[in-house]
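Please take me through this model in the viewer. Tell me what to select at each stop and what is there.

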Amino acid sequence: MSPIPRPRPFTQVDVFSREPYLGNPVAVILDGTDLTDDAMARFARWTNLSETTFVLPPTDPDADYRLRIWTPDRELPFAGHPTLGSAHAWLTAGNTARAKDVIVQECAAGLVRIRPSDDGALTFEAPPTDRTGDLGPELLGGITAALGLRDEQVVAHQWVDNGPGWAALLLAGAEDVLAIEPDLPALHGAKIGVVGPHPQSSPHQFEVRAFVGGTGGYEDPVTGSLNASLAQWLIRTDRAPANYIARQGTRMGRSGLVTVTSDGDHVFVGGHCTACIDGTVML
């Protein structure tokens, strides 16, 4: 049985952009206590954002809070921009982490460490990928056809799944990525990331696009989980430097910038966050 609706603190945070309304929004319920799964799912469908999150008391003694992450269709074990946006909302609400320099988020994928930077950005440590390796020929052929790509345009391909189910294609250049006109229903529910390098003179090293296939498919504006697993793949195979900036959302009129840093053993993904809506919801 769902609880009787009551006011709960709510904020909507724009992630991966210094300028409001040019990144990727996430809805954050800062008190998800006593909400049922059905109530969370219903609210996530209502917001109709790519993700809606619910902050709960941690069950792990090492965590500062627990986060549940919902799309309009299902719950996710981990997602990147909701992680950063929720941490920003949690801090802005006056909470403080147990440790001085790190916020520890508990989610279905485990513990995720989030670090504030001197310029106000937040950075999370990329979780390990659950699935790697080349895509099968049949799957690859279906993806390239749905994206309108020729076989020779694909430089490399890989499973880069860290929870949501991402598969990735590396193209020769950023312009090839920006030129894609996807047939989203033809992707049949697949989650596809496409990445290509910018010219050396560009302030951004890579252009990224993220497609969620199906009849209700969409392009995600700026995607933390995808950029995290792309970085692990590209850095591991010497296709990217240890530190770089990826741009995403260009074709959608967004200006998302994702910073990637690596210390050799770990990859960190970061960006700026801005709260654009703040108040309460009855839930």
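The tour goes from the domains to their interface, then to one helix.

Keep in mind throughout that this is a predicted model.

**Stop 1: the two domains.** Colour residues 7–126 together with 271–282; this is domain 1. The domain centres, taken over C-alpha atoms, are 24 Å apart.

**Stop 2: where they meet.** Domain 1 brings 18 residues to the contact, and domain 2 brings 20. Together the domains bury about 1,300 Å² between them. Carbon and sulfur atoms account for 53% of that area. Now select β2 (24–29) and α2 (80–92): these are the elements of domain 1 that give two or more residues to the side touching domain 2.

What links the domains across the interface? There are 6 residue pairs in polar contact, both residues at pLDDT 80 or more. The count of salt bridges between domain 1 and domain 2 is 0.

**Stop 3: helix α3.** Select residues 137–147. Show the side chains of Leu 140, Ile 143, Thr 144, Ala 146 and Leu 147, which are buried. Look down the axis of α3: the buried residues fall within an arc of 165 degrees, so they line one face of the helix. An α-helix has 3.6 residues a turn, so residues three or four places apart point the same way.

Turn to the other side of α3. Pro 137, Glu 138 and Ala 145 are exposed there.

**Last stop: Gly 148.** This residue follows α3, and its phi is positive, near 70 degrees.

How values were computed: Residues are numbered from 1 along each chain as its sequence is written. Side-chain values use heavy atoms; hydrogens and water are left out. Buried means under 20% relative accessible area, exposed over 50%, partly exposed in between (1.4 Å probe, protein chains only). Helices (H or I, at least four residues) and strands (E, at least two) are DSSP runs, numbered from the N terminus. The arc is that of the directions from the helix axis to the C-beta atoms. Domain bounds come from an automatic or database domain assignment. Contact means heavy atoms within 4.5 Å. Buried area is the accessible area (1.4 Å probe) that two parts lose on being put together, summed over both. A salt bridge is a side-chain nitrogen of Lys or Arg within 4 Å of a carboxyl oxygen of Asp or Glu. A polar contact is a pair of N or O atoms within 3.5 Å; within protein, one must be able to donate a hydrogen and the other to accept it, and residues adjacent in sequence count only if both atoms are side-chain atoms.
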